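Subject: Structure handover and notes

Dear colleague,

I am passing on the structure below, followed by notes on what was found in it. Please read the notes with the coordinates open beside you.

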Amino acid sequence: MTFSLETTRLVHRFSEKEVVLQDINLQVPEGSIYGFLGPNGAGKTTTLRLVLGLLKCQQGDIAVFGKPFHQNRVEILNNVGTLIESPSIYGHLTARENLLLLQKVYQCPMDQIQKVLELVDLANTGKKKAGQFSLGMKQRLSIAIALLHNPKMLILDEPTNGLDPNGMIDVRELLKRLNRELGITIIISSHLLAEIEKLVTHVGIINKGKLMFQGTLDELKGKQQQSLSIVCDTSDEVISKRIFSEMNIISNLKEGKWILPAMSKQQIATLNRRLIESGAEVFEMSIIKNDLEAIFLDLINH
């Protein structure tokens, strides 16, 4: 497998006592959308700043596109687009004028301006100043700026932060399209797992400077655990508990529901029959699947 970004035993300290990152080994597959997740203060932004050379690497190695970052810094950064923290745009200029300034810096073709404006759905904003844009439009303009020099990889730090639901959907669909149509590898940091899981192919979870999980979204979902929920008549609790005990089933009564470990269909059918034959009235049986938010919280709380 080819990696667009790979870090090896990355360590960073703000002081002797304050270790911010401990042995971070990121592996971002080429062509992936990699969700870099963790609570605020976990070390996400520090990691991305190190990867981009905005902080000096103290310990460990960073390779981008298979090349050591330190020795190939200019070449690598020419192929990386970034949005770190808040959008950096000139509010008194239009979207096109913002891009024109950077087109001169990057010395990329003029037609690239129209191309990226169309990609982010800002081609029809005309003379409207960027300062009058909604937050979602500002985020999309910032992504257009990051795309202007036609990079192979995008690194975005909390790009949906502060957006309303429609704004989140717009940015999410834009990133999917960029990945699908242009083949751009995208690294997106966030503390919002529920939003990120709709977008990414791969996940890295960091907490307190340590990488707690790394793998595909499917591998993370594989950590989901199922349980069985049963609602019986409250007067039948003694009967229910006796049947669970006879069948060696661990049970927990929570808010009027019996929570049991996952079972096969045949085991569920047998349990249901035993309960009914013993005189218990079963109102409901359902399978509960822990959501990814619960897995995320479990990982960062250990």
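In which strand is D23 found? D23 belongs to strand 2, residues 19-24, where helices (H or I, at least four residues) and strands (E, at least two) are DSSP runs numbered from the N terminus.

Before going further, please note that this is a predicted model, in which local features need pLDDT of at least 70 and side-chain atom pairs count only at pLDDT 80 or more, while totals for chains, interfaces and linings use all residues. Residues are numbered from 1 along each chain as its sequence is written, and side-chain values use heavy atoms, with hydrogens and water left out.

Backbone

Most residues other than glycine have a negative phi. D23, although not a glycine, has a positive phi of about 50°, and with a relative accessible area of 35% it is partly exposed (buried means under 20% relative accessible area, exposed over 50%, and partly exposed in between, with a 1.4 Å probe and protein chains only). N150, also a residue other than glycine, has a positive phi near 55°, and it sits in the loop between helix 5 and strand 8. Just after helix 4, D121 takes a positive phi of about 60°.

Strand 9 and its partners

Strand 9 (residues 185-190) has six of its six residues buried, so it is largely enclosed by the rest of the structure. T185, I187 and S189 point one way from this strand, whereas I186, I188 and S190 point the other way. Strand 4 (residues 33-37) runs parallel to strand 9 and is joined to it by five bridges, two strands being counted as paired if DSSP finds at least two bridges between them; in this pairing F36 stands opposite S189. Strand 8 (residues 153-157) also pairs with strand 9 in the parallel sense, over five bridges, with M153 opposite T185. From strand 8 the chain crosses through helix 6 to strand 9, and this β-α-β crossover is right-handed, in the sense that, with the strands pointing away from the viewer, the path from the first strand over the helix to the second runs clockwise.

Helix 4 (residues 111-119) has Q112, I113, V116, L117 and L119 as its buried residues. Seen down the helix axis, these residues fall within an arc of 160°, so they line one face of helix 4, the arc being that of the directions from the helix axis to the C-beta atoms. Their cover includes helix 3 (95-106), helix 5 (135-147) and helix 6 (165-182).

Not counting residues up to four places away in sequence, L147 touches Q112, V116, L119, V120, L154, L178 and I184, contact meaning heavy atoms within 4.5 Å.

T47, in helix 1 (residues 44-51), counts as buried at 0% relative accessibility. Leaving aside neighbours within four places in sequence, T47 is in contact with L10, L21, L26, F36 and I206.

Salt bridges

With a salt bridge taken as a side-chain nitrogen of Lys or Arg within 4 Å of a carboxyl oxygen of Asp or Glu, the count comes to six. One of them joins E75 to K67, with the closest N and O atoms 2.5 Å apart; E75 is partly exposed at 39% relative accessibility, and K67 is partly exposed at 33%. Another joins R274 to E246, at 2.6 Å between the closest N and O atoms. R274 lies in helix 10 (residues 265-277) and E246 in helix 9 (residues 237-246), so this pair ties together parts that are 28 residues apart in sequence. R274 is partly exposed, with a relative accessible area of 27%, as is E246 at 43%. Salt bridges that share partners join R172, E173 and K176 into one network.

With best regards
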